[in-house]
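Please walk through this model with the structure open beside you.

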Amino acid sequence: MLNIELKFRAFNKKSKKLYRSGALSFSTERHSFMIYTDKEMEAVKDEDMEIMQFTGQKDINNKEIFQRDIILVDESKNIVVWDNNRGGWSITDVERKLKMTPFGRSEANRAEVLGNEFENPELLNP
């Protein structure tokens, strides 16, 4: 049985800051979550946030790999995405033109996190 820690981080579109996430709660009416940093805590609206889940994998530098991270694998820039068809993590080229490839331990062992699409949009260029 896999023992993957369930972690999230969130990018605040207004402040342009990335936060690690605290409590998440969801209901049919609305979602809410608290975002925590070392110095501040704030409640924000859903439409202002992009939530990213931890994949359970770390790169060659022992850095945690999250959804929508841009990674270098075998000299190719890729973005980490959730593949609904497969029901698992996948990677695709940063232009999202090529088919998705399953992403797991083998790929993570060859990957280096370069940044993410929100803080580093310039990395989306091929």
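E117 and R96 join their side chains in a salt bridge, 3.1 Å from N to O. The term means a side-chain nitrogen of Lys or Arg within 4 Å of a carboxyl oxygen of Asp or Glu. E117 sits in the segment after β11, R96 in the loop between β9 and β10, 21 residues apart. Strands here are DSSP E runs of at least two residues, and helices are H or I runs of at least four, numbered from the N terminus. E117 is buried at 15% relative accessible area, while R96 is partly exposed at 45%. Buried means under 20%, exposed over 50%, partly exposed in between, with a 1.4 Å probe and protein chains only.

This is a predicted model: local features need pLDDT of at least 70, side-chain atom pairs count only at pLDDT 80 or more, and totals for chains, interfaces and linings use all residues. Residues are numbered from 1 along each chain as its sequence is written, and side-chain values use heavy atoms, without hydrogens and water.

E117 and R96 also belong to a salt-bridge network with K13, E50 and R68. The salt-bridge count is nine. Another pair is D48 with K14, at 3.8 Å, N to O. D48 lies in the loop between β4 and β5, K14 in the loop between β1 and β2, 34 residues apart. D48 is buried at 12%; K14 is exposed at 64%.

Now the sheet. Five strands form an open sheet in the order β10-β9-β8-β7-β11, paired antiparallel. Pairing requires at least two DSSP bridges between two strands. β10 and β11 are the edges, each pairing on one side only. Two bridges join β9 to β10. I91 stands opposite T101 in β10.
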